Amino acid sequence: MEQLLLKRINVPGGLDIDIAMAHGAYGALRISFGMRPVDVIDEVKRSGLRGRGGAGFPTGVKWGFAAMDPKMPKYLICNADEGEPGTFKDRIILERDPHLLIEGMIIAGYAIGAERGYIYLRGEYPAAADILERAITQAYEKGLLGNNIIGSGVTFDLSLHRGAGAYICGEETSLIESLEGKRGQPRIRPPFPANAGAWGKPTVVNNVETLANVPGIMALGSEAYSKLGVEGSTGTKIFCVSGAVNRPGAYELPLGTTLREIIYTHAGGIRGGGKLKAVIPGGASTPMLTAEHIDVKMDYSSLLSTGSMLGSGAVIVMDDSTCMVHATAVIIRFFEHESCGKCTPCREGTGWLHQIYSRMLRGEGGESDIDVLLGICRKMKGKCFCPLGEGAIQPVLSSIKYFREEYERCIRERGCGGEQCKGMMQGSKHHMTNKFQAPSTKSQTLRTLDF
Amino acid sequence: MLNDEARERIRLAALRYPEPRAALLPALHIAQKEAGYVSEDAMRFIAGQLNVPESEVFGTATFYSLIRRSSSGRHVISICHNLPCTLLGAEPLIGHLKSRLGVDEGEVTPDGRFSYQRIECIGRCDGAPAMLVDDDYHGDLTPEKIDGILEKYA
C-alpha cells in the first residue's frame with residue numbers, strides 16, 4: 001500500500017534536508033507554485049481531505065474561507081499540540097520527517113495568501129522542538145523559506161512556538177489565545193478563525209497530519225488521491241495503536257480499514273493471549289466500543305454510525321483484565337485536570353465526575369451513583385463552551401452503556417481494593433480543588449441535582 | 001532577575017510576532033531554562049520587558065502545567081499516568097519511583113538531584129509506560145529499568 005505520510009520516516013539521515021530532498025521532499029512545492037493559489041485550493045477540495053486532528057472539517061473549504069477574506073495579513077498555524085491521550089502520530093512526523101510538514105505549510109500558506117506561519121508545538125515534545133528548529137533553519141538556508149522562495153516571488157516565514165502543557169490548546173481558538181501570550185481559553189465562535197483568528201486576522205489552523213497530506217495530494221493529483229480510502233473519507237490515516245496489543249505503534253492505512261485489521265494484522269493482536277474487551281477508536285474523548293464492533297470500518301461516517309468518532313485515530317485497546325470503572329476514572333481525572341475553568345458545566349462537571357469515580361474506587365460508592373454520573377453528563381451535554389467538556393462525558397456515557405454491571409459490582413462490593421485503583425483514590429488534588437463538592441450519595445437525592 | 005543572555009533571547013523571540021506579548025510563553029520557557037523554575041522576580045522582569053501587566057504574566061504563567069513556580073530537583077522526572085500507560089502498569093511504577101526517591105510528588109530529594117511529577121499523556125503510547133527525565137524520553141519502563149535510568153543522572 002502506498003505511503004504518503006510515513007514514507008520517509010525510516011530514511012537514514014532523513015532529517016537532513018539534502019537527504020530528504022533526494023527522497024522527494026519539496027518536489028510538490030514546485031508543482032504547486034506552477035498553479036494559481038485558487039487552483040491549489042480547488043485541488044485540495046477535490047481530494048476530499050478532511051482535518052485529521054479530530055473534527056474532520058474539509059480542509060480545502062477551510063482554506064477557501066480564509067483566502068476569500070480581504071483582511072491582511074493572513075496567518076497559517078500548524079496545530080502540533082497533540083494532546084489527545086493515545087495519540088502520537090504527529091510526533092512521528094515531527095521527529096522523523098519534519099520537511100514533509102514544512103513543505104505542506106509552504107503550499108498551504110501560498111494557497112491562502114499567508115506569508116507568516118507558526119508551528120504551535122506542545123511543551124511535552126522537547127525532542128521535536130530541537131528537530132523542527134534545525135529543519136526550519138535548513139529550509140531557510142536552502143531558500144525554501146523567507147522571501148522569494150526558489151525564485152517564485154512567494155514569501156513565507158515560519159517559526160516554532162512551544163506550548164507549556166495544556167490540552168485545551170489543541171482547540172483552535174484556545175491555541176490562538178495561547179499563541180498571543182494569554183491563558184489558553186477558548187473564544188466564542190463565530191467569528192471563526194478563518195475570518196478573525198490570530199491578532200484578529202484571517203487564520204487557518206490545521207493539524208500536523210492534515211498539512212502532511214498536502215504534498216502527497218499535489219504530487220499525486222486529487223483524482224488519484226481521492227481513490228485512496230473510501231467515499232467521504234479519502235486518503236490514508238495514521239492509526240496510533242496503544243494498550244493491550246502485541247505491537248503498539250503508528251500504522252498508516254487507507255481510511256476505511258477495519259478495526260479488526262488494525263488490531264490483529266498490524267498491531268499483532270491482544271497481548272498475553274487475552275481477549276479483546278473494549279476499544280477507544282479515536283482518542284480519549286471518543287466513545288468506547290466493544291469487541292462486537294471489531295469489524296467497523298475506521299472512517300468518519302462508519303464510526304459515527306456506531307455512535308463513536310474517528311477523532312485523532314488513536315486506538316486504545318483494553319483486554320479482559322481491564323476494570324472499566326478504573327479505566328474511565330483515569331480518563332475523567334485527565335479531563336478534570338485539563339478543563340480550562342472558563343465555563344461552569346465543564347469546570348464543575350469534570351470535577352464532580354472525578355470525585356464520584358474516586359469514591360467508587362475507594363469503596364464508598366452509593367447505589368444512586370450511576371444515576372448521578374448520568375445526571376451530571378446530562379447537565380454538561382450541549383452546555384459546555386467548547387468541545388472539551390462535550391468530549392469528557394463520552395467515555396462515561398459509553399462505558400456505563402456497555403459495562404454497567406461492572407459499575408454495579410464496584411459499588412455493591414465496595415470497590416475491589418485492586419492495586420491499580422490506589423493511585424486514583426484521592427480524588428482531586430490540583431489547582432481547582434476548592435470548588436463545589438459533588439452531590440453526596442447520602443444527603444442529596446437526584447431531584448436536588450436536577451437544577 | 002534574568003541574565004543578559006536570557007534578556008536578549010526574549011528580545012529576539014518578540015520579533016517573530018506582530019505583537020511582543022506573543023513572546024510571553026517563549027519568555028517563560030527561557031526563564032525556566034535558566035533557573036529551573038519561574039520566580040516572581042522573573043515574571044516581573046518579563047512583564048517589564050514585554051510591556052504586559054504583571055498580573056497578566058502571573059495569570060498566564062499559572063495556567064500552564066509545565067511552567068514551575070517553585071524550585072525543582074536538578075532533574076525533573078515527568079511520569080505519565082494517562083490511560084495507555086496505566087493499562088500497561090504505570091501505577092505500580094509510580095509507586096516504585098516514589099519509594100526509590102523517598103519523596104512525594106513535587107518534593108525534591110535531599111541530595112537535590114530529583115523531583116518527580118505525574119503528567120498527562122506525553123504521546124509515547126507506543127512505548128508505554130513512559131516518562132520524561134528533563135528533555136529525555138524513556139519508554140517500556142520496568143522497575144529495574146527505572147533504577148538504571150536514575151543512575152545516569154548526577
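**Close-up views of a predicted model**

**Figure 1. Surface and burial in chain B.** The accessible surface of chain B comes to about 6700 Å², and carbon and sulfur atoms account for 48% of that area. The values in this and the following legends were computed from a predicted model. Chain B has 154 residues, of which 54% count as buried. Its C-alpha trace spans about 50 × 30 × 25 Å along the principal axes.

**Figure 2. Secondary structure and contacts of chain B.** Chain B contains 7 helices and 4 strands. In sequence order these elements follow the pattern α-α-α-α-β-α-α-β-β-β-α. When contacts in chain B between residues at least 6 apart in sequence are taken, 59% of them join residues at least 24 apart.

**Figure 3. The cavity lined by residues of chain A, among them several cysteines.** Searching the whole structure for cavities of 30 Å³ or more gives 1. The largest cavity holds about 70 Å³ of space. It is lined by 13 residues, and those closest to its centre are Cys340(A), Cys343(A), Cys346(A), Cys386(A) and Leu388(A). Sorted by class, this lining consists of 9 nonpolar, 3 polar and 1 charged residues.

**Figure 4. The second largest pocket.** About 1200 Å³ of space lies in this pocket. Its lining is made up of 45 residues; Gly53(A), Gly54(A), Ala55(A), Gly170(A) and Glu171(A) are the closest to the centre. Four elements of chain A each supply at least two lining residues: helix 4 (59-68), helix 5 (89-96), strand 4 (203-207) and helix 16 (387-412). By class, the lining of the second largest pocket comprises 21 polar, 13 nonpolar and 11 charged residues.

Figure 5. A disulfide is a covalent bond between the sulfur atoms of two cysteines. Over all chains of the structure, the search finds 0 disulfides. For Cys78(A), the nearest cysteine sulfur is that of Cys169(A), 14 Å away. Cys78(A) is not in a disulfide because a pair of cysteine sulfur atoms has to lie within 2.5 Å to count as one. Are these two cysteines, Cys78(A) and Cys416(A), buried or exposed? Cys78(A) counts as buried because its relative accessibility is 0%, and the cut-off for buried is under 20%. Cys416(A) has a relative accessible area of 60% and is therefore exposed, the cut-off for that class being over 50%.

Conventions: Residues are numbered from 1 along each chain as its sequence is written. Chains are lettered from A and ligands numbered from 1 in the order in which they are written. This is a predicted model: local features need pLDDT of at least 70, side-chain atom pairs count only at pLDDT 80 or more; totals for chains, interfaces and linings use all residues. Side-chain values use heavy atoms; hydrogens and water are left out. On a 1 Å grid over the protein atoms alone, a cavity is a set of points where a 1.4 Å probe fits but cannot get out, and a pocket is an open set with protein on both sides within 12 Å along at least five of seven lines; lining residues have an atom within 4 Å of a point. Grid points are joined across faces, edges and corners, and a volume is the space filled by probe spheres set on the points. Ala, Val, Leu, Ile, Met, Phe, Trp, Tyr, Cys and Pro count as nonpolar, Asp, Glu, Lys and Arg as charged, and the others, Gly among them, as polar. Buried means under 20% relative accessible area, exposed over 50%, partly exposed in between (1.4 Å probe, protein chains only). Contact means heavy atoms within 4.5 Å. Accessible areas come from the Shrake-Rupley method with a 1.4 Å probe; for residues, only the protein chains shown count as cover.
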